[in-house]
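Colleague: I have not looked at this structure before. Can you take me through it?

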Amino acid sequence: MSWHKRSSGSMPPLNWMRAFEAAARHSSFKLAADELNVTPAAISQQVRSLEGFYDVKLFVRQTRALELTRIGKLAAPLMSEALDNFAEACFVIKNDIQRDWLTLTAPFTFSMKWLMPQLEKFNEEYPQIEIRINATDDLIDLAHGEADIGIRYGDGNYPDLDVQKLMDGAYHVVASPDFLQKHGGLKRPAELLNHTLLHTDWRGSPDFVPNWEMLLKSAGVPVSDLAASKAHKFSNEMMSIDAAVTGLGIALVSHANVKDELKSGRLVKVFEDSTLNAKKFDYYIVRAKDAAGSKSAAILHAWLCDNASNSLE
């Protein structure tokens with residue numbers, strides 16, 4: 001049960017609680033007064049006010065000694081902890097206000113394969129802006145402030161957000177050169193069913209990301225035998241890419257996420273035509289519709305848009 005639910009009625013003033021905590025810690029009104037830069041009489045009065053508020057005795061006052069009562073001994077360490085937490089909370093609020101930081105959410109593989117190298121360049125130009133990455137395939141609620149900027153892969157239909165296309169979302173059927181040499185090259189999409197296919201188990205929105213069923217349908221290939229074909233499933237696209245590099249099978253992946261592997265030759269396109277798609281998939285950069293007032297978000301938004309196309313060359 002939270003602290004405010006334990007209390008009955010209003011809370012006593014904070015200075016009363018600070019006076020009690022300091023006096024309990026020092027066993028002295030005078031030392032507490034020195035710490036809080038007030039008079040011993042003020043400390044004594046504030047403690048009496050706190051005792052009166054709850055109609056309890058917190059100290060046994062003697063001529064040269066100050067001793068906590070039973071309830072005082074129970075309350076003092078809790079009060080110290082509460083005030084420490086209060087001070088820490090104030091520190092966090094103060095420093096977060098002073099720091100210029102943004103939360104950026106993007107699909108996991110895209111974050112690791114494309115976004116991270118770009119943010120390294122961004123940081124060189126804008127070192128004062130701190131970026132916090134939420135790499136997830138789940139759709140984060142930007143409209144309610146869970147992130148400042150998001151990158152999404154799909155059809156661009158996000159009616160509650162400000163949407164701008166970031167880059168084309170071409171995707172490829174890829175495999176390692178060794179795999180194709182071992183199993184022979186493929187000439188037609190129908191031949192995919194004769195090989196091990198690597199599936200990405202997209203969480204949350206499987207209809208809005210490319211999959212083998214979509215690709216086969218777009219190529220006019222019956223998909224009735226797809227379930228019976230040999231397959232491996234992975235929880236994210238990066239695992240599918242790595243599995244394809246090792247020769248485990250054939251993967252269906254976004255160009256943005258596999259460009260380095262294609263450039264190095266670790267993977268090759270099984271089909272040169274990369275337009276075998278049932279619908280258009282692109283990357284979009286999205287923000288809450290009222291986010292225009294954030295200068296840092298506007299800077300990052302513009303920078304990503306300006307650099308997106310060049311990064312895929």
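Predicted model: local features only at pLDDT ≥ 70, side-chain atom pairs only at ≥ 80, totals over all residues.

Colleague: What is the mean pLDDT of the chain?

Modeller: The mean is 83, and 87% of the residues reach 70 or more; pLDDT is the predictor's confidence in each residue, from 0 to 100. Over residues 1–8 the pLDDT is below 50. Beyond near neighbours in sequence, that stretch has two contacts in the model, a contact being heavy atoms within 4.5 Å.

Colleague: Now the inside. Which residues touch the most other members of the largest nonpolar core?

Modeller: Phe110, Leu166, Leu192, Ile250 and Leu304 do, in a core of 44 residues. A nonpolar core is a set of buried Ala, Val, Leu, Ile, Met, Phe, Trp, Tyr and Cys residues joined through side-chain atoms within 4.5 Å. Buried means under 20% relative accessible area, exposed over 50%, and partly exposed in between (1.4 Å probe, protein chains only).

Colleague: Which helix gives the most to this core?

Modeller: Helix H11, residues 295–311, with six residues. Helices (H or I, at least four residues) and strands (E, at least two) are DSSP runs, numbered from the N terminus.

Colleague: And what does Leu304 touch?

Modeller: Leaving out residues up to four places away in sequence, Leu304 touches Leu104, Trp114, Leu115, Ile151, Leu166 and Ile285.

Colleague: Moving outside, which residues form the nonpolar patch on the surface?

Modeller: Met11, Phe53, Tyr54, Val56, Ile71 and Leu74, with about 480 Å² of accessible area together. Helix H4 (40–54) and helix H5 (70–98) each give two or more residues to the patch. Leu74 is in H5 and is partly exposed, at 48% relative accessible area.

Colleague: Last topic: where is Asn37?

Modeller: Asn37 is in the loop between helix H3 (29–36) and H4. Its phi is near 60°, a positive value in a residue other than glycine. Most residues other than glycine have a negative phi.

Colleague: Is Asn37 buried or exposed?

Modeller: Asn37 is exposed, with a relative accessible area of 70%. Asp55, in the loop between H4 and strand E1 (59–61), has a phi near 55° and is exposed at 71%.

Notes
Residues numbered from 1 in each chain as written. Heavy atoms only, no water. Patch = residues over 30% accessible without salt bridge, like charges linked within 9 Å, V, L, I, M, F, W, Y side chains within 5 Å. Areas by Shrake-Rupley, 256 points an atom, 1.4 Å probe, with all protein chains shown as cover. Salt bridge = Lys/Arg side-chain N within 4 Å of Asp/Glu carboxyl O.
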